[in-house]
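Here is a short note to read beside the structure. Keep the model open and find each residue as you go.

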Amino acid sequence: MPRVGQQELRNAPPILTIAGQPESDEVSYQPAGACREVFTRRASELLLEGPSGTGKTRALLEKLSLCAKRYPGMRGLICRKIRAAITQSCQVEFERAVLVESDQVRWHDGDQEYRYPNGSVIVVAGLDDPQKIKSTQFDLVYVNEATELTLNDWEILTTRNRNGIMPYQQIIADCNPGDPTHWLNLRCRDGQTERYCSKHEDNPRYFDQSTMTWTPVGMAYLATLDALTGARYQHLRLGVWAAAEGQYFSDWDPAKHVCEPFDLPAHWTRWVAVDYGFADPWCVLWAARADDARRTIYLYRELYLTGYRDEQQADLLREKSKGERIARYYGDPSMFNRRTEQNKLSIALVYRQHGVPLLPAVNKRIPGWQAVLRTMASERGPSTTSESPRLQVFSSCKNLIRTIPQMVHDPLDNEDVADKIRGRKTEDHACDALRYLLTMETVPVGRRHQFPMTIAG
Ligand SMILES: Nc1ncnc2c1ncn2[C@@H]1O[C@H](COP(=O)(O)OP(=O)(O)O)[C@@H](O)[C@H]1O
Ligand SMILES: [Mg+2]
């Protein structure tokens, strides 16, 4: 099967037929999960992220070629920071797996582009030569390994994407997560780029959806990723935006700390903590303490929302706790501040009026973070022989799970979590709620005159 290497490109006649042969098991491409979703999405900027090998590159190349066939005369772009890196990565995959003989696609070496019989073209270029990109316009731009780009590179692409042949113009990008402060992560967080998260289970080469088991190739691949350590493990195996250096919760490991939801016994003690927000996320976490020897703490529910007014927050909180016996509701102490200048009740009083008897959490950061670290630590419990941490988070608490690995040490106080990194506020709302929960865990439940037991609902 012909593959186009640099050498071959140089020696090739001006127009070279490169249509590849599909491998026998890949006659028809079947995407799954997030890799499937991106085919129907038309947002002007879309990021398909995930650990290594989930099928991101394949999916976006397939979409590019599909659009080239569907919209005659469209102009596509395959780009990456360094042009030379595309030859051995995307171009090999494009020709090996995506293009088929019957597509009759030709490679034009002089213009560095794939030409379709219907007049569509897909240009290959690197941002190391931005002039090539700046001098033309596109309908669909695919950015491979997008974290390599600077924001400036990305903005160049946004200005070139206006060819007007396709009914929509779009930048589609893929990457493995990197440092949480990366501009691309922030751009997704701010809603300018739509984010889609792919998993290894989305890739049929590695995971068989019909039997729900890993294929032999998949197992071998995962074993390679499992051997990684530190931030590389987090980025490439787990697919999380984790700080490369100075990660605060270095013991955090989803394999140990995340469990599937189950029905909790009604008699376990439950309590709730709130980190207030309106424009920033408002985060509520629910905890239950098991009656096993190690008194395992299960975080069983999360709310993570913006734009909710105080009374709406209280109503929702009560609604979610309906039928559950919640021993205490703790709030961020700032919720108890008087708002006399605005002629408003404190947030805590609004909550109380709406049936949520909020108590102020103790806001001592360092002892609070130590409580979190202790609960997260693996230790041998009196009744267990295997190491298992006291803290167990239901997999449904997605924002907590996502943001724990993003917390880094405060450069001015190593024992504290940084609330800003390079001038940007860190996304610490779920971790703050977790800190309140675990700080207050030790306050004795028996003092009912001070902390009334409440039946919510
Ligand atoms: N839906 C699919 N069906 C068959 N093979 C796939 C599918 N998606 C991906 N693959 C294959 O899995 C391997 C890894 O996919 P790739 O797109 O390179 O992953 P990523 O870009 O996420 O690291 C490639 O060989 C690719 O052809
Ligand atoms: Mg890739």
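1. Start with the contacts. Among those in the chain between residues at least 6 apart in sequence, 72% join residues at least 24 apart. Two residues are in contact if their C-beta atoms, placed from the backbone, lie within 7 Å.

2. A word on the source. This is a predicted model, where local features need pLDDT of at least 70 and side-chain atom pairs count only at pLDDT 80 or more, while totals for chains, interfaces and linings use all residues. Residues are numbered from 1 along each chain as its sequence is written, and chains are lettered from A and ligands numbered from 1 in the order in which they are written.

3. Next, the overall make-up. The chain has 16 helices and 25 strands. Both are DSSP runs numbered from the N terminus: helices are H or I with at least four residues, strands are E with at least two. Of the 457 residues in the chain, 39% are buried. Buried means that 20 or more other C-beta atoms lie within 10 Å of the residue's own; exposed means 12 or fewer, and partly exposed is in between, with C-beta atoms placed from the backbone.

4. Now look at ligand 1. It has 16 residues around it, and Gly55, Lys56, Thr57, Arg58 and Arg205 come nearest. A residue counts as near if its C-beta atom, placed from the backbone, lies within 6 Å of the molecule. Helix 3 gives the most to this shell, with 3 residues. By class, the shell has 4 nonpolar, 7 polar and 5 charged residues. Here Ala, Val, Leu, Ile, Met, Phe, Trp, Tyr, Cys and Pro are nonpolar, Asp, Glu, Lys and Arg are charged, and the others, Gly among them, are polar.

5. How do helix 3 and helix 5 cross? Their axes come within 10 Å, at roughly 65 degrees. Axes are lines fitted to C-alpha atoms, for helices over the stretch in contact, and angles run from 0 to 180 degrees between N-to-C directions. The two helices are therefore roughly perpendicular. That term covers 65 to 115 degrees; under 35 is roughly parallel, over 145 roughly antiparallel, and the rest oblique.

6. Which residues make the contact between helix 3 and helix 5? Thr57, Arg58, Leu61, Glu62 and Ser65 in helix 3 meet Cys90, Glu93, Phe94, Ala97 and Val98 in helix 5. By class, this contact has 5 nonpolar, 2 polar and 3 charged residues.

7. Stay on helix 3, residues 56–70, for Leu66. Leu66 is partly exposed because it has 14 C-beta neighbours inside 10 Å. Leu66 and Leu99 are 33 residues apart in sequence, with their C-alpha atoms 9.9 Å apart in space.

8. Move to Val141, in strand 7 (residues 140–143). Is Val141 buried or exposed? Val141 is buried, because 26 other C-beta atoms lie within 10 Å. Leaving out residues up to four places away in sequence, Val141 touches Leu77, Cys79, Leu157, Asn161 and Ile171. Val141 and Cys79 are 62 residues apart along the chain, yet their C-alpha atoms are separated by 7.5 Å.

9. Last, check two loop residues. Gln112 is not a glycine, but has a positive phi of about 55 degrees. Gln112 sits in the loop between strand 4 (106–108) and strand 5 (113–115). Arg295, also not a glycine, has a positive phi of about 50 degrees. Arg295 lies in the loop between strand 14 (282–289) and strand 15 (297–305).
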